[in-house]
Amino acid sequence: MTGTSLFHEQTARQRIAALVDPRSFAEMLPPPERLTSPYLAQLGIPVSFDDGVVIGKAKLGGKEIYIAAQVGQFVGGAVGEIHGAKLTGLFKAAARDQVPCVLIIESGGVRLHEGSAGEIAIAETMRAIFECRAKKVPTIAVIATDIGAYGGIGILSTCCDFRVMTEHGRLGISGPIVIEKWMGKKAYDSANRALVWKTSGGKTKYLLGDADALVHDSADAIRDAVAKLLGKSSAITLTSVKTRQKELEKRLKRFGDTADPDAVWKAMGVRDIAGASLASGPEFAAMAKRGK
Amino acid sequence: MEKFAKAFPSKPLKTTAGKPWALAGVVGSGNLEVLVERGSRPSDAMDCHVETSIPGYKASWLAALADFAHHYPAGGTKVTINDQGAPPVLVTLRLRQAYDHLTKGEK
């Protein structure tokens with residue numbers, strides 16, 4: 001694998017290998033351990049040796065990190081009991097050892113086949129992330145594929161200190177098809193890819209301040225962005241939560257009635273909509289003023 | 001779901017260097033994952049364990065695995081497969097990928 005290949009085309013293990021220092025990754029609970037989902041087996045659905053997530057310890061730019069990558073192709077990267085327990089354990093270890101934790105996200109949220117167990121697992125992982133933040137241990141989410149971060153994992157990603165996104169990445173709670181089913185095709189057309197990406201894609205999330213970096217779809221670009229954020233962390237305080245709440249209220253007031261995502265782009269300082277649509281990563285970022 | 005296991009005669013694995021295990025593929029629609037591990041006994045057999053979501057194709061599976069065991073020195077390995085409806089050509093491809101990763105180290 002060379003550094004020039006597209007990050008979103010790689011497998012979870014390739015992504016980790018491409019991101020961290022050569023041969024520095026040591027996988028925890030690797031496939032030979034056969035920690036597979038007992039629920040899927042009961043339902044007669046094929047299981048996976050790693051239950052859809054690769055976790056371990058590595059070095060990035062010489063610094064120790066914990067890292068996890070979800071396998072989107074296995075039941076949509078969805079979180080079951082084992083998958084979630086692996087994530088919880090990883091963030092708990094990060095908090096204990098005061099080592100930054102990077103999560104390469106590719107997940108639609110909770111695995112419906114093991115709903116309650118998955119919900120609890122995500123809640124426990126969030127608690128472990130907040131443990132990290134209380135100790136000022138950096139937590140970074142990378143969202144770089146069209147499976148993106150949705151449902152519980154969408155919420156979990158926003159619990160982390162920072163989010164690094166590419167233009168392929170999407171971030172939300174309910175997925176486009178779910179919104180269309182509930183609100184109707186007139187309200188939200190899930191087949192309109194431009195609309196979907198302009199509402200939940202990396203560019204818009206970056207403009208609105210939900211993503212902290214917008215980078216090219218390559219391991220090199222993502223590594224640089226992650227490396228810059230590794231030394232930083234912010235504890236959550238009552239003041240920081242209240243400030244964020246005010247920001248979100250302001251955003252709702254400003255854009256709540258807008259049906260046209262281009263209006264949001266314009267209001268965020270993008271003058272040339274057509275040009276910005278074609279621009280990627282840092283070039284796009286340069287075309288916008290970007291505010292909160 | 002269908003589950004079966006069988007050992008196929010195969011020449012012993014040549015190299016002792018390389019990794020203790022290798023994985024190829026993912027469990028996705030029309031795809032499969034193959035885990036190959038060293039240190040299985042006896043050293044002149046490829047020990048195979050298959051779990052597939054599509055029942056009724058045991059004969060094709062056994063033929064594909066026997067063919068691989070015949071053409072590659074894979075004795076002393078344990079092959080475990082989680083399948084979600086992969087076509088036979090893909091099974092052979094993943095077996096070869098996992099085998100290559102195991103013997104040559106590239107992932």
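Here is a short chat about a predicted model with chains A and B.

Colleague: Hi! What are the ground rules for this model?

Modeller: It is a predicted model, where local features need pLDDT of at least 70, side-chain atom pairs count only at pLDDT 80 or more, and totals for chains, interfaces and linings use all residues. Residues are numbered from 1 along each chain as its sequence is written, while chains are lettered from A and ligands numbered from 1 in the order in which they are written.

Colleague: Thanks. What are the ipTM and pTM?

Modeller: The model has an ipTM of 0.91 and a pTM of 0.94. For chain B, the mean pLDDT is 94, and 98% of its residues reach 70 or more; pLDDT is the predictor's confidence in each residue, from 0 to 100.

Colleague: Which hand does the β-α-β unit have, left or right?

Modeller: Left-handed: the unit is made of β4(B), helix α1 of chain B (residues 58-71) and β5(B). A crossover is right-handed if, with the strands pointing away from the viewer, the path from the first strand over the helix to the second runs clockwise.

Colleague: Switching topic: how many residues does each chain bring to the contact?

Modeller: Chain B brings 16 residues and chain A brings 14; two residues are in contact if their C-beta atoms, placed from the backbone, lie within 7 Å. On the side of chain B that touches chain A, β2 (21-24), β3 (31-38) and β5 each supply at least two residues. Of these, β3(B) gives the most, with 4 residues.

Colleague: Now chain A. What is its secondary structure?

Modeller: Chain A has 13 helices and 7 strands. Its C-alpha atoms fill a box of roughly 55 × 45 × 45 Å, taken along the principal axes. Of its 292 residues, 47% count as buried.

Colleague: What order do the strands take in the sheet?

Modeller: It is an open sheet of 7 strands with mixed pairing, in the order β1-β2-β3-β4-β5-β6-β7. β1 (26-28) and β7 (213-214) of chain A stand at the edges with a single partner strand each, so one side of each is left without a neighbour in the sheet. Elsewhere, β4(A), residues 101-105, runs parallel to β5(A), residues 139-143, joined by 5 bridges, and C101(A) stands opposite T139(A) in β5(A).

Colleague: What does helix α5(A) pack against?

Modeller: The buried residues of α5(A) pack against β4, α4 (115-134), β5 and β6 (162-165) of chain A. Those buried residues include G151(A), I153(A) and L156(A), in a helix that spans residues 151-159.

Colleague: Last one: where is G89(A)?

Modeller: G89(A) is in helix α3 of chain A, residues 81-97. G89(A) is partly exposed, with 18 other C-beta atoms within 10 Å.

Key. A residue is buried if 20 or more other C-beta atoms lie within 10 Å of its own, exposed if 12 or fewer, and partly exposed in between; C-beta atoms are placed from the backbone. Two strands pair if DSSP finds at least two bridges between them.
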